[in-house]
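I opened the file to look up confidence, fold order and core packing. My notes follow in the order I took them.

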Amino acid sequence: MSYAQPRSFSVPSFSAEFEPAYPSTHRKSRRAPVSFDARVGRGGLDRALCRVTDLSLHGARLITYSPLKRGQEIWLTLPEVGPRIARVMRVDEFEAGVEFEQPITEDDFDNLIER
């Protein structure tokens, strides 16, 4: 029995440079680590405390003491800013990432990160 040697194909090679078309982050705005209490809900029996651990103009990361569901819209009351409508974008047990319906202002952002 004879075995045929595999044919060797010559594949032309070349090199090229590339640069990502999008920034390395998917964030809409700068963010900052923070640590302050806020409230979820507008009052009544559904109101709960949470801790804001990360903040940007467009959203926040929360540590919650009650579970939230992805896609849920909540009222998030930030100190000195007041209530904001936010959509829960990500949930991991008692941590949630929310996106504000309307971004907070640069001044509000600066005041909150200085707390």
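pLDDT is the predictor's confidence in each residue, on a scale from 0 to 100. Where pLDDT is low, predicted coordinates should not be read in detail.

I noted the ground rules. This is a predicted model in which local features need pLDDT of at least 70 and side-chain atom pairs 80 or more, while totals for chains, interfaces and linings use all residues. Residues are numbered from 1 along each chain as its sequence is written, and side-chain values use heavy atoms, without hydrogens or water.

I then listed the elements, taken as DSSP runs numbered from the N terminus (helices H or I, at least four residues; strands E, at least two). The chain has six strands and one helix, in the order β-β-β-β-β-β-α. Mean pLDDT is lowest in β1, at 93, and highest in β6, at 97.

Buried is under 20% relative accessible area, exposed over 50%, partly exposed in between (1.4 Å probe, protein chains only). The core holds 23 residues, and Leu 55, Leu 76 and Leu 78 touch the most other members. Among the elements giving two or more residues are β4 (73-78) and α1 (106-113); β1 gives the most, five.

Conventions:
Core = buried A, V, L, I, M, F, W, Y, C linked by side-chain atoms within 4.5 Å.
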